[in-house]
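Open the structure in your viewer and keep the selection tool at hand. This tour goes stop by stop.

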Amino acid sequence: MACKPSSSTADMEAAGGQESPELFGAAAASSSGLPKPKLSSAKLDAQLEDASRLKMEGNAFYRERNIRSAIGRYHRALLVLRGMDSEVMTAVKGFGPEVPVLTATQETLLRNIQVDCYNNLAACLLQRQSVDYARVQEYSLRVLHWRPGDVKALYRAGVATLELGDAQTAKQYLSQACRGQPNDANVRKHLQKAEEKLNREFQKEKAMYRGMFSSSLKSSSGEGVNQGNMAGEGV
């Protein structure tokens with residue numbers, strides 16, 4: 001691992017790995033007052049291999065339904081990678097080690113592991129009894145930042161966004177996921193839920209405006225009667 005996180009790995013796994021890996025990375029980088037040497041290509045390969053191993057361990061825990069341990073492994077893999085990610089390290093430029101220069105192959109492997117880990121973290125969180133939909137949305141959007149057409153991320157972003165109350169945006173995500181996986185029953189089910197919610201909101205809005213229009217007509221009619229009475233009194 002390029003840099004030890006400010007909280008211990010054991011503490012993070014015990015807490016379910018809810019903290020953002022980038023927060024640990026930024027804190028660790030900013031706490032270092034001295035510049036560090038660039039990593040060699042061999043060391044970069046070793047870190048990528050370590051992150052890949054941690055991801056595979058997370059996958060094994062996920063298959064065993066050990067969600068807590070799976071989350072911990074995925075977070076540890078992301079922490080290993082954060083010092084290699086130019087997007088993360090640019091945010092703390094001047095406070096820590098220089099951003100390593102990756103080969104095209106290393107860059108591709110880095111993104112692949114990150115995408116898998118964030119996708120799998122979102123899947124893990126959806127398995128919990130109390131789902132943190134904001135975090136599911138966050139992780140899914142991270143994936144879509146790198147891979148806009150990732151069907152799994154589109155689906156989970158849609159599910160989370162729908163649960164957070166934005167049916168219109170959820171429909172957009174789920175429609176894209178449905179185009180990628182037209183036969184997926186879960187995608188179709190949640191897309192239908194989004195459409196039904198939008199229809200309910202539309203009907204509610206129509207009823208509200210109908211009521212406002214009706215009240216306006218009644219008010220205008222009443223004013224007309226009063227004006228007629230006043231005209232009669234004048235005669």
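**Stop one: the nonpolar core**

This is a predicted model. Start with its largest nonpolar core, which has 45 residues. Select L81, M84 and L121, the residues with the most contacts inside this core. Now colour the helices α3 (41-63), α4 (67-82), α6 (104-126), α7 (133-146), α8, α9 and α10 (185-234); each supplies at least two residues of the core. Which helix gives the most to this core? Select α6: it gives 9 residues.

Stay with M84. Leaving aside residues up to four places away in sequence, M84 touches L44, Q47, L48, P100, L102 and L110.

**Stop two: a helix pair**

Next, select α8 (residues 151-163) and α9 (residues 167-180). Their axes are 8 Å apart, and the helices pack at an angle of about 155°. An angle over 145° counts as roughly antiparallel, and α8 and α9 are therefore roughly antiparallel to each other. Their crossing is left-handed.

Show the side of α8 that makes the contact: V151, L154, Y155, A157, G158, V159, T161 and L162.

**Stop three: a loop residue**

Finally, go to the loop between α3 and α4 and select R65. Most residues other than glycine have a negative phi. R65 is not a glycine, yet its phi is positive, about 65°. Is R65 buried or exposed? R65 is exposed, with a relative accessible area of 54%.

Methods:
Residues are numbered from 1 along each chain as its sequence is written. This is a predicted model: local features need pLDDT of at least 70, side-chain atom pairs count only at pLDDT 80 or more; totals for chains, interfaces and linings use all residues. Side-chain values use heavy atoms; hydrogens and water are left out. Axes are lines fitted to C-alpha atoms, for helices over the stretch in contact, and angles run from 0 to 180 degrees between N-to-C directions. Helices (H or I, at least four residues) and strands (E, at least two) are DSSP runs, numbered from the N terminus. Angles under 35 degrees count as roughly parallel, over 145 as roughly antiparallel, 65 to 115 as roughly perpendicular and the rest as oblique. A crossing is left-handed if the near helix is turned anticlockwise from the far one by less than a right angle, and right-handed if clockwise. Contact means heavy atoms within 4.5 Å. A nonpolar core is a set of buried Ala, Val, Leu, Ile, Met, Phe, Trp, Tyr and Cys residues joined through side-chain atoms within 4.5 Å. Buried means under 20% relative accessible area, exposed over 50%, partly exposed in between (1.4 Å probe, protein chains only).
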